[in-house]
Amino acid sequence: MPSVMSKLSDDLRTQALAYHRGNKPGKLEIQATKPLGNQHDLALAYSPGVAAACEAIVAEPSEAAELTARQNLVGVVTNGTAVLGLGNIGPLAAKPVMEGKAVLFKKFAGIDVFDIEIDATSIDRMVDVISALEPTFGGINLEDIKAPECFDVEARLKEKMKIPVFHDDQHGTAIIVAAAIQNALHLTGKKIEKVKIVTSGAGAAALACLNLLVTLGARRENIFVSDLEGVVYKGRDKLMDRWKDVYAQDTKARSLGDIIGDADVFLGVSAGGVLTAEMVKRMAKRPLIMALANPNPEIMPEEAVAARPDALICTGRSDYPNQVNNVLCFPYIFRGALDVGATTINEEMKRAAVEAIAALAREAPSDVAARAYDGEARTFGPGSLIPNPFDPRLILRIAPAVAKAAIKSGVATRPIVDFESYLSRLDRFVFRSGFIMKPLFTKAKADPRRVIYAEGEDERVLRAVQVIVEEGLARPALIGRPAVIETRLERYGLSIRPGKDFVLINPEDDPRYREFVNAYVEAAGRHGITPYAARTVVRTNATVIAALSVRLGLADAMICGLEGRYMAHLHNIRDVIGLAKGVREFAALSLVITGKGAYFLADTQVTPNPNADEIAEMAVQAAAHVRRFGLTPKIALLSHSNFGSYDSESARKMRLAAERLAVSHPDIEVDGEMHGDSALSAAEREKVFPHSRLKGEANVLIMPNLDAANIAYQMTKVLADALAVGPILVGAACPAHILTPSVTARGIINMTAIAVAEAQACS
């Protein structure tokens with residue numbers, strides 16, 4: 001314990017203890033997934049209704065996967081005998097670590113966990129206790145059990161149990177190490193069957209790494225192992241066991257220094273400082289040094305680089321590149337295994353995970369991963385052999401690969417038939433907007449349109465356009481300086497290129513400059529824009545250039561707003577593109593995706609105090625957009641008044657808007673004025689006014705003024721942890737959307753799909 005605790009500053013120790021004590025003690029809680037609001041719910045959840053589920057499982061045990069939480073429940077089990085960096089601290093002190101593991105399962109893969117700390121040290125006792133838990137769990141993750149007991153415990157449990165049993169300290173580490181080695185060899189042009197591998201450490205993790213590397217092609221005769229007693233050689237008796245004996249070499253070498261010469265790979269899973277600079281100098285050309293001891297590596301990266309500038313280096317620390325972090329794989333391996341009802345996690349599944357992780361590291365980094373590195377993207381190379389743990393694509397790559405390997409190798413009890421639907425489900429977990437946005441993505445891909453982005457130099461736009469091009473959502477055009485965009489594409493590791501993947505409009509030197517100026521004078525000449533002013537604006541205002549491109553037919557839709565004030569962008573769009581025929585005013589429709597569903601709020605950005613006609617018009621425009629999402633619009637006109645309970649000016653205008661809509665648009669399901677709870681609960685509405693034209697739950701909420709709409713929107717985002725999409729500008733003559741400076745790359749992608757679908761409807 002002192003080895004880690006002594007490294008903590010007083011400030012960090014205080015913060016960590018406050019973190020664990022705060023709010024509720026610990027890091028976990030259990031929540032019900034079904035309603036328990038009345039006697040009927042209770043009868044279904046427990047007695048007598050629960051008997052039906054029990055009887056169904058008695059008749060067919062596989063029904064447990066559909067009727068209980070078992071198939072999404074993993075047991076994280078430890079006896080606390082080998083807690084990383086802390087040693088044998090016992091099961092009770094290990095509980096915070098296991099709770100932390102549980103949080104990672106939930107956060108990264110949506111898997112529920114019970115952490116189980118057992119007071120058992122003998123192999124027989126551990127096997128008996130853990131195997132008895134099989135009816136509870138869909139899988140078992142063994143954690144922090146010391147070697148060599150952990151080998152026997154896992155092997156016997158895998159024989160005895162018909163659910164996945166995975167010792168993460170062994171296999172999780174091995175999978176990440178193998179992926180890093182694959183990519184290092186890819187960069188250096190070396191072959192795995194020819195490289196010399198030297199290992200410091202012969203515990204559970206080290207031996208699992210070597211075993212997996214052998215299945216990937218490494219040769220045992222090229223693998224040299226050392227531990228506390230020196231080199232593992234044939235005939236050695238001290239500190240030997242049958243797992244270590246596999247790697248015993250017929251050699252006279254007795255120390256790490258004796259075997260390090262000409263090594264292509266050093267794998268350190270031992271203790272700080274055991275690898276010296278002098279040893280590193282004797283390694284082969286472009287060596288890979290994996291110094292994974294924590295918190296002090298076998299050699300510090302800066303010391304290794306000083307000795308060998310050509311070295312590729314991985315550590316177990318988060319403050320250096322290439323961190324070997326098990327969170328890169330264990331949540332997603334279990335996700336894939338659970339989703340097909342795998343009876344084990346076999347070598348084929350582990351190899352599939354290795355390949356998926358290695359391949360992802362070679363892709364352009366995501367915007368989420370870039371933000372995790374303070375905006376500096378790490379492209380594939382010596383400093384980026386392994387994906388970032390926060391890369392949202394990990395689950396999308398690893399879980400399906402593992403599931404397919406389980407099916408192919410015959411250990412899946414519930415094989416996935418429709419992998420496209422499975423990928424969509426995973427995508428919805430990663431991007432909560434996935435389900436509601438799917439119809440628009442499908443429409444956009446079927447007939448991609450030209451979308452121009454005003455802030456083309458912005459990192460978020462560039463990252464979004466990479467995805468847009470890859471998925472075929474649109475035909476993008478960017479406004480920006482060529483040299484700046486080229487430099488940033490290179491810096492962010494993006495493969496898209498101007499002229500090939502997108503059109504580039506250079507505001508400083510575009511051949512259509514005169515055409516743009518003339519069009520701007522024609523559009524805005526009566527709004528104070530003189531020819532002289534137009535010549536300046538067309539060189540400097542990207543929103544105006546984007547709007548002119550749409551007006552002149554060079555683009556079908558535009559997106560702006562990542563910089564500057566919303567109303568300034570709207571002013572330019574009003575001047576150049578204008579309002580749609582018959583529309584009185586623009587409005588902004590904002591989508592919030594909550595745990596209860598998706599809701600559209602208006603007007604969140606434009607009109608401070610709309611009148612009844614503008615409210616009605618806003619509702620009609622919103623209905624058109626909502627239908628593009630594949631939804632039937634159900635519109636509530638909100639007020640402090642509930643069907644006549646107040647007679648204020650605000651209530652009267654909402655009531656009047658509802659009356660006019662009932663006459664002009666009887667096809668739209670809309671009513672008001674009403675309270676928010678009446679809009680969202682048919683039961684509440686029935687109590688107040690049983691004859692409402694609105695049936696069920698409203699999904700479009702029209703507010704009486706800008707204050708109410710924007711406040712409701714901002715509070716919903718925070719209080720409901722809602723994902724925001726938009727704002728969607730309604731009422732423009734052509735698709736034009738103004739985002740906000742806080743938008744992410746994913747938000748730009750979502751808005752692109754909306755703009756393309758709108759452009760399709762306009763043509």
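Colleague: In what order do the 6 strands of the open sheet stand?
Modeller: This is a predicted model, in which local features need pLDDT of at least 70 and side-chain atom pairs count only at pLDDT 80 or more, while totals for chains, interfaces and linings use all residues. Residues are numbered from 1 along each chain as its sequence is written, and side-chain values use heavy atoms, with hydrogens and water left out. Strands and helices are DSSP runs numbered from the N terminus (E, at least two residues, for strands; H or I, at least four, for helices). With mixed pairing, the strands of this open sheet follow the order 7-6-5-8-9-10.

Colleague: Which are the edge strands?
Modeller: Two strands count as paired if DSSP finds at least two bridges between them. An edge strand here pairs on one side only, and that holds for strand 7 (230-231) and strand 10 (312-315).

Colleague: What angle does helix 10 make with strand 5?
Modeller: Angles run from 0 to 180 degrees between N-to-C directions, the axes being lines fitted to C-alpha atoms, for helices over the stretch in contact. Helix 10 (residues 204-215) lies across strand 5, strand 6 and strand 8. Its direction makes an angle with that of strand 5 of about 165°.

Colleague: Which helix holds both Phe-419 and Tyr-422?
Modeller: Both residues are buried (under 20% relative accessible area, with exposed over 50% and partly exposed in between, for a 1.4 Å probe and protein chains only). They are 3 residues apart, about one turn, and both belong to helix 19 (residues 419-430).

Colleague: Which residue lies over the face of Phe-419?
Modeller: A charge sits over a ring if NZ of Lys or CZ of Arg is within 6 Å of the ring centre and within 35 degrees of the ring normal. Over the face of Tyr-513, at 3.8 Å from the ring centre, lies Arg-539. For Phe-419, the charge lies at 5.1 Å from the ring centre and belongs to Lys-404.

Colleague: How many residues apart are Arg-655 and Glu-673?
Modeller: The two form a salt bridge (a side-chain nitrogen of Lys or Arg within 4 Å of a carboxyl oxygen of Asp or Glu), with the closest N and O atoms 3.2 Å apart. Arg-655 lies in helix 28 (residues 649-664) and Glu-673 in strand 18 (residues 669-674), so that the pair links distant parts of the chain, at a separation of 18 residues.

Colleague: What is the relative accessible area of Asp-510?
Modeller: Asp-510 meets Arg-512 in a salt bridge of 3.0 Å, N to O. Arg-512 is partly exposed at 25% relative accessibility, whereas Asp-510 is buried, with a relative accessible area of 9%.

Notes. Contact means heavy atoms within 4.5 Å.
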